[in-house]
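Here is a short briefing on one structure.

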Amino acid sequence: MQRREFVTCLAAAGFAAAVARPAAAQTITLHGAVQFNDEHVFTRGLVRFEELVKKYYGKPVNFVLHKNSELGLEKQYFEYMAQGKAVDYGIVSPAHMSTFSKAAPFIDAPFLFRDLDHWNKVLDQDLLKPIADEIAKKAEVMLIGYAGGGTRNIFANKPVHNLAEMKGLKVRVQGAPIWSKTFGATGMAPTVIAYNEIYNAIQNGVIEAGENEAAGVETMKFYEVGSNLNMTQHAITIRPICFSGKTFAKLPADLQAAIVKAGKEAGAYGRQLEAKEDEAKLEALEKAGKLKRIPFADRAKMKQLVDPIMAAYAKEIEADQILAKINAIK
């Protein structure tokens with residue numbers, strides 16, 4: 001048995017034992033997972049979630065947060081939460097929920113938001129609730145808060161100033177089909193590659209580029225293989241804080257209430273944190289000579305090419321009314 005499988009089994013067994021015994025016999029232990037280190041904004045958001053749960057619950061509860069991809073990648077975390085084993089909470093890209101819900105990747109699809117202000121208004125008005133409800137029903141995973149806030153750009157081993165220079169760019173995209181469709185519509189050559197393989201794939205010439213927010217570029221050191229940050233501003237990250245529905249059902253009502261309240265607040269905390277730090281991280285990397293921001297002249301044209309794809313996608317997944325409401329926000 002490999003170490004990761006062994007750790008996963010231990011985590012699953014540990015939680016099962018914790019919830020099976022009376023509270024007086026053993027304190028409940030919840031296992032979380034994140035791909036990143038202590039400094040990453042997603043990790044800090046989950047730590048804040050733990051702190052808030054303890055505050056609102058007011059009784060002993062243990063948290064074990066598995067960092068640095070110790071339990072695999074986000075796709076595995078979501079599957080574990082759906083199964084009610086190994087991982088009880090975590091932050092997961094909506095693209096990794098598509099196996100359970102076709103609508104899930106719509107949550108942070110490319111060119112869905114005009115800017116950060118528009119993004120915040122959509123979240124404040126809870127316009128994504130119908131999709132969260134579908135995910136809870138089909139995957140038994142609750143979206144209890146929304147972190148994120150970083151503006152996503154394309155890092156590459158060459159500068160890209162416009163659509164003409166973008167044509168044929170071999171770029172890594174997330175696994176949900178909407179990412180390949182939208183990037184393909186702009187003339188790029190999108191390829192689905194695991195997140196932890198991007199660095200080597202660019203280094204070895206398999207791809208030329210990837211896309212990410214500042215926190216990811218910094219933490220994963222993508223600037224070492226893609227020092228040109230082409231400012232397409234094609235998406236604003238939304239990373240739901242997820243909680244296993246199967247785990248949730250086993251918990252006492254007062255802990256359930258604390259988790260729901262803490263999730264919403266921790267998500268807001270994560271959004272404020274990442275949005276605030278996004279520009280500062282890019283400035284620091286640029287001043288250190290690690291990357292160069294390349295102005296991109298054709299964002300409006302890029303969006304025009306993507307809009308029909310997004311409209312057709314929204315209709316296909318029955319999210320066209322949600323898209324209309326999002327577009328109507330001024």
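Buried means under 20% relative accessible area, exposed means over 50%, and partly exposed lies in between, with a 1.4 Å probe and protein chains only. By that cut-off S69 is buried, because its relative accessible area is 16%. The model is predicted: local features need pLDDT of at least 70, side-chain atom pairs count only at pLDDT 80 or more, and totals for chains, interfaces and linings use all residues. Residues are numbered from 1 along each chain as its sequence is written, and side-chain values use heavy atoms, leaving out hydrogens and water.

**Backbone angles**

- S69 is not a glycine, yet its phi is positive, at about 60°.
- S69 sits in the loop between β2 (62-66) and α3 (74-83). Helices (H or I, at least four residues) and strands (E, at least two) are DSSP runs, numbered from the N terminus.
- E140 also has a positive phi, near 55°, and is a residue other than glycine.
- The loop between α5 (129-139) and β4 (141-156) holds E140.
- E140 counts as partly exposed, because its relative accessibility is 37%.

**Aromatic rings**

- The whole structure contains 11 aromatic pairs. Rings of Phe, Tyr and Trp (its six-membered ring) pair if their centres lie within 6.5 Å; planes under 30 degrees apart count as stacked, over 60 as edge-to-face and the rest as tilted.
- F222 lies in the loop between α9 (214-219) and β8 (228-244), while Y195 is in the loop between β6 and α8, so the pair ties together parts 27 residues apart in sequence.
- Y195 has 13% relative accessibility and therefore counts as buried.
- F222 has 0% relative accessibility and therefore counts as buried.
- One aromatic cluster is formed by F36, F42, F155, Y195 and F222.

**Helix pair α7 and α12**

- The axes of α7 (residues 177-185) and α12 (residues 299-316) come within 8 Å and cross at roughly 155°. Axes are lines fitted to C-alpha atoms, for helices over the stretch in contact, and angles run from 0 to 180 degrees between N-to-C directions.
- That makes α7 roughly antiparallel to α12. Angles over 145 degrees count as roughly antiparallel, under 35 as roughly parallel, 65 to 115 as roughly perpendicular and the rest as oblique.
- From α7, the contact uses I178, K181, T182 and A185; from α12, it uses L305, V306, I309, M310, Y313 and E316. Contact means heavy atoms within 4.5 Å.

**L273**

- Helix α11 (residues 253-287) contains L273.
- L273 is buried, because its relative accessible area is 15%.
- L273 touches V41 and R44, not counting residues up to four places away in sequence.
- L273 and G150 are 123 residues apart in sequence but 9.4 Å apart in space, C-alpha to C-alpha.
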